[in-house]
Amino acid sequence: MADDQSTAARRAAVVPATGEEQKRQVEQQSKEAEKARNIGPLQTEQGNTTIAETVVQKLAGIATREVPGVYAMGSASRRAFSSLSERIPGSQTNVSGGVSVEKGERQAAIDLTVVVEYGASIVDVSKMIRRNVIESVEEATGLEVIEVNISVTDVHLPEDDQNDSADSGRAELQ
């Protein structure tokens, strides 16, 4: 009986698989490869986790604001709208202003619009922003951040604060 099994095993090794058997083997291998590809921090055998773009926007916005040298985020019109809306009692600060995200199942690309404080090195501030945003988003979401594009739209001068306080003082007198 043992001889019959060893003979059958030798024959199987020598005789090539039929077309149908080859198809089944290829299908099985592709299913196993697909399963291996889908398993990641957000896609597991037990289920999938999806993360909304707004979540990534908020995380990136908070991480950017933590960097020294960043004065504000967003375009001038966006900042003006935010300053008006913050004066409304009970309103919330929009931390995702100046952040645009393109997100897939496993990766994200982030675009930021910032205003840098006068005297800060834009190169250094940009490096710190990238490092902080990538670490924060990847740690919190499990997404791979493939790029962080930064657009510096303005430099905040110390005189700008003095002009703003003088303008608000005039407005209160009228």
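The following conversation concerns a predicted model of one protein.

Colleague: How many helices and strands are there in the protein?

Modeller: The predicted model has 6 helices and 6 strands. Read from the N terminus, their order is α-α-β-β-α-β-α-β-β-α-β-α.

Colleague: What share of the residues is buried?

Modeller: Of the 174 residues in the protein, 22% are buried.

Colleague: Take Ile129, then. Where is Ile129 found?

Modeller: Ile129 belongs to helix α5, which covers residues 122-141.

Colleague: Is Ile129 buried or exposed?

Modeller: Ile129 has a relative accessible area of 1%, and it is classed as buried because that value is under 20%.

Colleague: How far apart are Ile129 and Ala60?

Modeller: They are 69 residues apart in sequence, and their C-alpha atoms are 9.1 Å apart in space.

Colleague: Turning to His156, which strand does it lie in?

Modeller: His156 is in strand β6, residues 144-156. His156 is also buried, at 10% relative accessibility.

Colleague: With what does the side chain of His156 make a polar contact?

Modeller: Its partner is the side chain of Tyr71, at 3.3 Å.

Colleague: Where is the place of Glu53, and why does it count as partly exposed?

Modeller: Glu53 is in helix α3, which spans residues 53-65. Its relative accessible area is 38%, so it falls between the 20% limit for buried and the 50% limit for exposed.

Key
Residues numbered from 1 in each chain as written. Predicted model: local features only at pLDDT ≥ 70, side-chain atom pairs only at ≥ 80, totals over all residues. Heavy atoms only, no water. Helix = DSSP H or I, 4+ residues; strand = E, 2+ residues; numbered from the N terminus. Buried < 20%, exposed > 50% of the residue type's maximum accessible area, 1.4 Å probe, protein only. Polar contact = N/O pair within 3.5 Å; in protein donor to acceptor, adjacent residues only side chain to side chain.
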